[in-house]
Amino acid sequence: MDYTIKHARKPSLAINYAFTRMGLFGGASIDFYSMGIQAGKKAGEILNGTPPGVIPIEDAHRIALVFNLPRAEALGIKIPKDILLSADEVY
C-alpha cells in the first residue's frame, strides 16, 4: 500500500474504511458494520428454516462517505465543505 500511495497520482477509491485510513483517497465506501448486520439477518432466516436458495442476493443497504484529507491534499483535490460535512468519516 505504501508504494501505491507514494507513486500513484490518481485518486484510489477505497472499498472500505480501513483502506481510507491506510492512505487511499476514499469516496463512497461500503459500511461493513451495516453489511454484517445484513448478513446476520440472512443467516437468521436460514437458521429459522428458510431455504438458502430462496433468500435474495442484495447489494449493501448502506454506503458510507469517507475521505482521507492528507491524501486529497497530496493529489491536489479540494473537497467542498458541504461534502465533508456529509461524510461519515474524515481522516
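**Close-up views of a predicted model**

**View 1. A polar contact between Asp88 and Arg62.** The side chains of Asp88 and Arg62 are joined by a polar contact of 2.5 Å. The structure shown here is a predicted model. Asp88 is located in the loop between helix H5 (81-86) and strand E3 (89-90). With a relative accessible area of 32%, Asp88 is partly exposed.

**View 2. The surroundings of Asp88.** Not counting residues up to four places away in sequence, Asp88 touches Tyr17, Arg62, Ile63, Ala64 and Leu65. Phe67 is 21 residues from Asp88 in sequence, and the C-alpha atoms of these two residues are 8.7 Å apart in space.

**View 3. The aromatic pair of Phe25 and Phe67.** One aromatic pair is found in the structure. Phe25 and Phe67 form this pair, which is edge-to-face, with 5.8 Å from centre to centre and 65° between the planes. Because Phe25 lies in the loop between helix H2 (17-21) and strand E1 (26-30) and Phe67 in strand E2 (residues 63-67), the pair ties together parts that are 42 residues apart in sequence. Phe25 counts as buried because its relative accessibility is 9%, under the limit of 20%. Phe67, at 6% relative accessibility, also counts as buried.

**View 4. The largest nonpolar core.** Six residues make up the largest nonpolar core: Phe25, Phe67, Ala72, Leu75, Ile79 and Ala87. In soluble globular proteins, nonpolar side chains tend to be buried together. Ala87, one of the core residues, is in contact with Leu65 and Phe67, leaving aside its neighbours within four places in sequence.

Definitions and conventions:
Residues numbered from 1 in each chain as written. Predicted model: local features only at pLDDT ≥ 70, side-chain atom pairs only at ≥ 80, totals over all residues. Heavy atoms only, no water. Phe/Tyr/Trp six-rings, centres within 6.5 Å; stacked < 30°, edge-to-face > 60°. Helix = DSSP H or I, 4+ residues; strand = E, 2+ residues; numbered from the N terminus. Buried < 20%, exposed > 50% of the residue type's maximum accessible area, 1.4 Å probe, protein only. Core = buried A, V, L, I, M, F, W, Y, C linked by side-chain atoms within 4.5 Å. Contact = heavy atoms within 4.5 Å. Polar contact = N/O pair within 3.5 Å; in protein donor to acceptor, adjacent residues only side chain to side chain.
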